[in-house]
Amino acid sequence: MASLFQRVFSRRSMIAIGLACALTPAAVIGNAYAQKAPDGALAHVLVLATGGTIAGSADPRAANAYNAGKVSAEALIASVPGLDAVAVLSAEQISSIGSQDMNDKVWFDLASRIKAAIDSKEINGIVITHGTDTMEETAFFLDNIFDTDIPIVLVGSMRPSSAIGADGPANLYEAVKVAASPQSKGRGVLVVLNDTIQDARWTQKTHTTSVETFMSPNAGPVGFVDPATIRYLAPPLPRRASLKLPPSPPLPRVDIIYAHANMDGAPIADAIKRGAKGIVLAGVGDGNTSKEAIDALAEAAKQGVLVVRSARVGSGFVNRNVEVNDDQLGFVVSYDLNPQKARILAELLIANGVTDIQAAQKAFAATW
Ligand code: ASP
């Protein structure tokens with residue numbers, strides 16, 4: 001793993017932006033003291049760009065037709081007035097994709113670069129610009145593999161950079177502010193959009209088009225940010241132990257099976273044929289499905305497939321042994337994790353050799 005990290009680090013050159021601004025007096029922005037290191041210098045924030053609508057360009061008269069990921073990291077930063085007074089910035093392009101195309105390869109590249117940045121001890125915060133479609137998945141993936149005090153903040157936008165009322169510049173400003181702030185230390189991976197700060201474990205995209213889309217239905221935001229202030233609602237929670245990444249992608253295959261009325265066991269049998277090492281049920285209600293599908297899942301579990309019951313509902317918890325006898329059938333429940341996050345945790349657990357039902361269940365419960 002170390003050599004992979006070193007290779008990626010040396011391949012990408014750091015572009016220092018606004019170095020002269022390191023000497024900008026703190027008083028030019030509200031609450032700038034929060035960004036200042038004890039020695040008085042501005043925090044150094046590394047911006048890693050992956051694409052998404054925040055880097056999308058469009059004809060401003062047709063804000064719905066655009067190409068995600070067209071605007072470079074440097075151009076994004078340059079488009080935000082006053083950012084150079086919040087932190088000393090470096091920017092790098094990791095990928096230029098819409099996040100519907102996010103994949104293990106980009107995740108591993110991102111993880112490598114973040115690890116190198118943390119190891120360098122020269123970075124106070126990291127901002128990742130990202131499409132909103134799978135932002136919660138990347139945030140949760142990173143949250144499970146990094147055990148660091150350094151703030152890692154994902155940011156995106158719902159409108160492309162050239163749209164009327166583009167939300168990207170304000171979101172990026174606030175994300176850098178959050179990443180640069182000592183108040184954000186030890187809070188794991190965060191998501192910042194629309195003046196709210198969300199925890200990677202709890203947040204999810206909840207609206208297809210509105211700028212008010214990232215919510216944490218089971219917990220609420222962990223804080224609020226505006227140009228003048230950052231307000232966290234509670235002290236940082238204890239962090240979970242991090243899981244290791246295998247030396248190279250892909251992660252073990254885990255499929256999500258979406259439950260519905262009139263459901264049979266065929267999609268589950270198909271997933272096993274495709275080589276799934278784990279199956280996450282996006283179940284009805286509290287993670288339930290038809291008798292036929294439950295039988296197929298029980299058969300999968302018998303064959304050594306990690307079966308996790310989650311819910312398609314969007315909020316609430318899936319608890320063990322309520323309507324389904326998990327102990328008897330050999331299932332794990334996802335508690336608060338939605339299916340897409342349960343899939344990532346299952347992949348990481350399998351990659352780390354954690355397939356025993358009790359141990360896997362404990363990992364799903366780690367913060368509760
Ligand atoms: N499809 C885009 C993406 O996720 C949407 C967005 O960024 O809001 O990359």
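**Ground rules.** I number residues from 1 along each chain as its sequence is written. Because the model is predicted, I kept local features only at pLDDT of at least 70 and side-chain atom pairs only at pLDDT 80 or more, while totals for chains, interfaces and linings use all residues.

**Whole chain.** I looked up the secondary structure of the protein chain and found 10 helices and 17 strands, taken as DSSP runs numbered from the N terminus (helices are H or I with at least four residues, strands E with at least two). Of its 368 residues, 46% are buried, where buried stands for 20 or more other C-beta atoms within 10 Å of the residue's own, exposed for 12 or fewer, and partly exposed for what lies in between, with C-beta atoms placed from the backbone.

I then traced an open sheet of four strands, which run in the order 14-15-16-17 with parallel pairing; two strands pair if DSSP finds at least two bridges between them. Its edges are strand 14 (254-258) and strand 17 (332-333), each of which pairs on one side only. Strand 16 (residues 306-311) is joined to strand 17 over two bridges in the parallel sense, and R309 has V333 in strand 17 as its bridge partner.

**Helix 9.** Helix 9 (residues 339-351) packs on this sheet, touching strands 14, 15 (278-283) and 16, and its direction makes about 165° with that of strand 15; axes are lines fitted to C-alpha atoms, for helices over the stretch in contact, and angles run from 0 to 180 degrees between N-to-C directions. I counted 10 of its 13 residues as buried, among them K341, R343 and E347. The cover over the buried residues includes helix 4 (135-145) and helix 10 (357-364). After helix 9 comes G353, with a positive phi near 75°.

**E136.** This residue lies in helix 4, and I list E136 as buried because it has 26 C-beta neighbours inside 10 Å. Leaving aside neighbours within four places in sequence, I found E136 in contact with V191, T203, Q204, K205 and K341, a contact being two C-beta atoms, placed from the backbone, within 7 Å.
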